[in-house]
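I opened the notebook today to look through one chain, entry by entry. I wrote down what I looked up and what I found.

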Amino acid sequence: MKDIKITVLETVFLEELAQEYAQPTLGPCTRHPKGSEYISPGGRMPEGFCEEAWAAIGRYAFALAHGAPGFWPNWMKLPGMTINTCNDGVRPVVFKLEIVP
């Protein structure tokens, strides 16, 4: 089993959708700012990680940690990594997951 490094690449705020559907006080996600890094030990949820985000990306971390070489050969350029987002439709966070060498 390997550890997985999780890096926050982007925190997106879809303002048009927020204006139409969200509470007026909602803004970009502050839980995982751009540049934040976490280590997923053996594909488990890192301490302090958002449970909703983990529900969306955890299966990829688990698969990488347990030996999956990558996903769909026509998706990512490099083996052993993937780009995924949390499932917040108004303020998604983009994560890079990669096997720790």
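**Entry on valine 94.** I began with valine 94, which counts as buried because its relative accessibility is 18% and buried means under 20%. I noted that the model is a predicted one, and that valine 94 is found in strand 4. Which residues does valine 94 contact, leaving aside its neighbours within four places in sequence? I listed Thr7, Val8, Leu9, Glu10, Val12, Ile83, Asn84 and Thr85. I then looked up the pair of valine 94 and leucine 9, and found them 85 residues apart in sequence but 5.5 Å apart in space, taken from C-alpha to C-alpha.

**Entry on helix 2.** I followed helix 2 through residues 51-65 and recorded a bend of about 55° at isoleucine 57. Isoleucine 57 is one of the buried residues of this helix, a list that also includes Ala53, Trp54, Tyr60 and Leu64. Against what do the buried residues of helix 2 pack? I found that they pack against strand 1 (4-11), strand 2 (37-40), strand 3 (81-85) and strand 4 (93-99). Just after helix 2, I noted that glycine 67 takes a positive phi of about 105°.

I turned to leucine 17, which lies in helix 1, residues 15-21, and is partly exposed with a relative accessible area of 36%. Together with Leu14 and Tyr21, Leu17 forms a nonpolar patch on the surface, with about 300 Å² of accessible area for the three together.

**Entry on the whole chain.** Of its 101 residues, 38% count as buried, while the chain exposes about 6,400 Å², of which carbon and sulfur atoms supply 55%. I also recorded that, among contacts with a separation of 6 or more, residues 24 or more positions apart account for 59%.

Methods:
Residues numbered from 1 in each chain as written. Predicted model: local features only at pLDDT ≥ 70, side-chain atom pairs only at ≥ 80, totals over all residues. Heavy atoms only, no water. Bend = angle between axes of the 7 residues up to and from the residue. Helix = DSSP H or I, 4+ residues; strand = E, 2+ residues; numbered from the N terminus. Buried < 20%, exposed > 50% of the residue type's maximum accessible area, 1.4 Å probe, protein only. Contact = heavy atoms within 4.5 Å. Patch = residues over 30% accessible without salt bridge, like charges linked within 9 Å, V, L, I, M, F, W, Y side chains within 5 Å. Areas by Shrake-Rupley, 256 points an atom, 1.4 Å probe, with all protein chains shown as cover. Salt bridge = Lys/Arg side-chain N within 4 Å of Asp/Glu carboxyl O.
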